[in-house]
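Let me take you through one chain this morning. Please have the sequence and the model open.

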Amino acid sequence: MKQFWATLGKDLLVLRRDRAGLLVLFFMPAVLVLVVSLVQNNVLETTGASGLRVLFVDADGGPLAQEVRDRLGSVRTLQLVQSLDSKPLSEATARRLVAGGDYQFGIVIPPGASKFLQERSRALARQAFGGPGGDGPQLAAAVPLTVFFDPTVEGVFRTAVTSSLKQVLLGIEAEQKAKELTRAMQAAFGPRSGFPGSASPLGEDGLHRALAEEGPLSVREQSAAVERERVLPNAVQQNVPAWALFGMFFIVVPLSGALLRERQQGTLQRLRTLPVSYGVVLLGKIAAFAAVCLVQFSLMLAVGKFLLPLLGTPELDLHGRLLPAYALALCAALAATGFGLLVGTVARSYEQASMFGAVSVVVAAALGGVMVPVYVMPRAMQAISVVSPLAWGLDGFLEIFVRGGGLDAVVSNALCLLAFFGATLGLALAMFRRGSDLGR
């Protein structure tokens with residue numbers, strides 16, 4: 001045990017002496033969180049979206065659902081999914097898939113919507129011919145068409161889908177009202193009467209009411225989550241964990257550099273002459289650099305909690321989320337240090353380690369949704385993103401901070417990160433024992 005603590009203290013001392021490296025590790029992610037969050041907080045509200053997959057549930061089976069399906073299907077930015085495994089979607093299945101993040105949106109056409117639209121439009125037309133004092137039928141409230149969404153979807157994309165649906169409904173309502181008004185006029189005046197002014201004239205007030213009356217259909221937005229209280233996503237919830245992960249994985253540069261310096265300066269050879277196994281040496285390094293990663297993560301949470309709200313962004317809600325967040329952060333820190341050990345083992349020079357480590361982390365961050373959400377990427381890129389360890393970590397953090405999940409909700413993400421850590425550490429040890437670069 002003394003050997004482990006001695007190794008840990010040595011690596012922390014080396015880190016403390018590398019003040020420029022520490023400044024980059026802590027300052028760079030904080031600046032990225034500030035800049036990107038402030039930019040996205042406004043930009044995400046004004047830009048458009050493309051290629052969004054929307055689950056379409058037809059519980060009505062009437063002409064309204066067919067009309068909505070045809071018109072939304074012609075919208076270039078939307079892709080309707082009406083069945084899975086050749087089976088029509090149910091509302092419960094659609095909600096489960098959207099809440100789990102498999103799809104971003106779901107639209108439900110309620111039962112009886114087509115019949116209600118027809119009857120409501122007919123009643124409005126008849127009421128228009130009744131005049132200001134007419135005894136028109138009592139009109140019921142509008143039928144809501146439900147749009148539910150994945151809580152991780154940014155506000156601009158929710159707006160794109162709901163706006164498209166509202167425009168479609170306005171067009172359908174206008175056509176139905178015009179059709180019923182035409183029928184009412186024919187019934188009132190007769191097909192050959194020439195519309196005499198004395199025969200039950202269509203008053204201006206009645207026409208205004210018929211056309212301007214609140215539509216028989218409305219759009220109701222919901223989260224796909226089951227719980228009543230859910231935090232809607234914002235730029236802070238996306239960027240704080242995303243760039244915290246990016247900063248943690250950037251530990252690969254100082255960690256691989258420390259391994260190379262020890263090898264070049266002969267420190268590692270001197271350590272091997274002592275009665276200390278290489279496993280203990282690695283454990284000390286892992287503990288030291290993982291601790292640095294957790295300090296980074298704490299700093300990012302503090303930025304989201306205290307600093308960003310002062311600059312006009314929403315506050316990062318940490319209530320009840322710290323335990324699962326730090327558990328997942330520890331797994332991510334281990335994955336990052338394991339990757340750093342592997343890069344330090346494979347690289348032959350500091351230039352190779354720094355270049356490969358930095359570029360590989362940037363690529364993994366881009367694929368993992370740190371820079372652009374995965375759901376707006378092309379389909380091929382979405383398929384590739386599943387291999388990025390930053391995608392595993394980010395999905396877990398979004399589950400915690402946006403969907404309100406606990407430890408049980410991020411078990412699979414944590415296990416993937418730990419498996420990555422085990423694989424990279426195992427490869428580093430195997431290469432060392434086979435007399436590769438670290439054994440020279």
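I will start with a definition: buried means under 20% relative accessible area, exposed over 50%, and partly exposed in between, with a 1.4 Å probe and protein chains only. This is a predicted model, where local features need pLDDT of at least 70 and side-chain atom pairs count only at pLDDT 80 or more, while totals for chains, interfaces and linings use all residues. Residues are numbered from 1 along each chain as its sequence is written, and side-chain values use heavy atoms, leaving out hydrogens and water.

At 41% relative accessibility, isoleucine 384 counts as partly exposed. Isoleucine 384 sits in helix α14, residues 379–384; helices here are DSSP runs of H or I with at least four residues, strands are runs of E with at least two, and both are numbered from the N terminus.

Now the chain as a whole. It has 16 helices and seven strands. Of its 440 residues, 49% are buried. Take contacts, meaning heavy atoms within 4.5 Å: among those between residues at least 6 apart in sequence, 84% join residues at least 24 apart.

Next, strand β5, residues 105–109. How many of its five residues are buried? Five of the five are. On one side these are Phe105, Ile107 and Ile109, and on the other Gly106 and Val108. In a regular strand the side chains alternate between the two faces of the sheet.

Strand β5 runs antiparallel to strand β6, residues 143–149, and four bridges join them; strands pair if DSSP finds at least two bridges between them. Within this pairing, glycine 106 stands opposite phenylalanine 148 of β6.
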